[in-house]
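Have the structure open as you read.

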Amino acid sequence: QVQLVESGGGLVQPGGSLRLSCAASGFTFSTYTMTWYRQAPGKERELVATITSAGGRTKYGDSVKGRFTISRDNVKNTVYLQMNSLKPEDTAMYYCKTGEFTTVQGWMDYWGKGTLVTVSS
């Protein structure tokens, strides 16, 4: 059973930093692309960053380029999101996601329950 558990959220002042973690279990983590999304109240879900299975390629949403860094540890089965120079508009629930193709149900997405990041003075 796929499980994704996010942690590391909290309240931080503008300009501060946080590191989010997503602990994965129930699948062969090292072979899956992992993605962070976020959703602010009243807004659509937004892709934050994604990283390929071996970590060789990363992609970032325009609003976080140059400030956020995604990384992974395939030994610890964990993906990270280092967030620097945080702004109030980064306030959102942050979710970890992965997916796989299954023969019975087609493509399946798996989501964590999220961790809340609040950027405020």
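Arg72 lies over the face of Phe29, 4.3 Å from the ring centre. A charge counts as sitting over a ring if NZ of Lys or CZ of Arg is within 6 Å of the ring centre and within 35 degrees of the ring normal. Arg45 is placed over the face of Tyr37, at 5.8 Å from the ring centre.

A word on the ground rules: this is a predicted model, where local features need pLDDT of at least 70 and side-chain atom pairs count only at pLDDT 80 or more, while totals for chains, interfaces and linings use all residues. Residues are numbered from 1 along each chain as its sequence is written, and side-chain values use heavy atoms, with hydrogens and water left out.

Now to the rings themselves. Rings of Phe, Tyr and Trp (its six-membered ring) pair if their centres lie within 6.5 Å; planes under 30 degrees apart count as stacked, over 60 as edge-to-face and the rest as tilted. By this rule there are 4 aromatic pairs. Phe27 and Tyr32 form an edge-to-face pair, because their ring centres are 4.8 Å apart and their planes stand at 65 degrees. Phe27 is buried at 15% relative accessible area, and Tyr32 is buried at 14%; buried means under 20%, exposed over 50%, and partly exposed in between (1.4 Å probe, protein chains only). Ring pairs join Phe27, Phe29 and Tyr32 into a cluster.

Tyr37 pairs with Trp111: the centres are 5.0 Å apart and the planes at 50 degrees, so this pair is tilted. Tyr37 is buried at 17% relative accessibility, whereas Trp111 is partly exposed at 30%.
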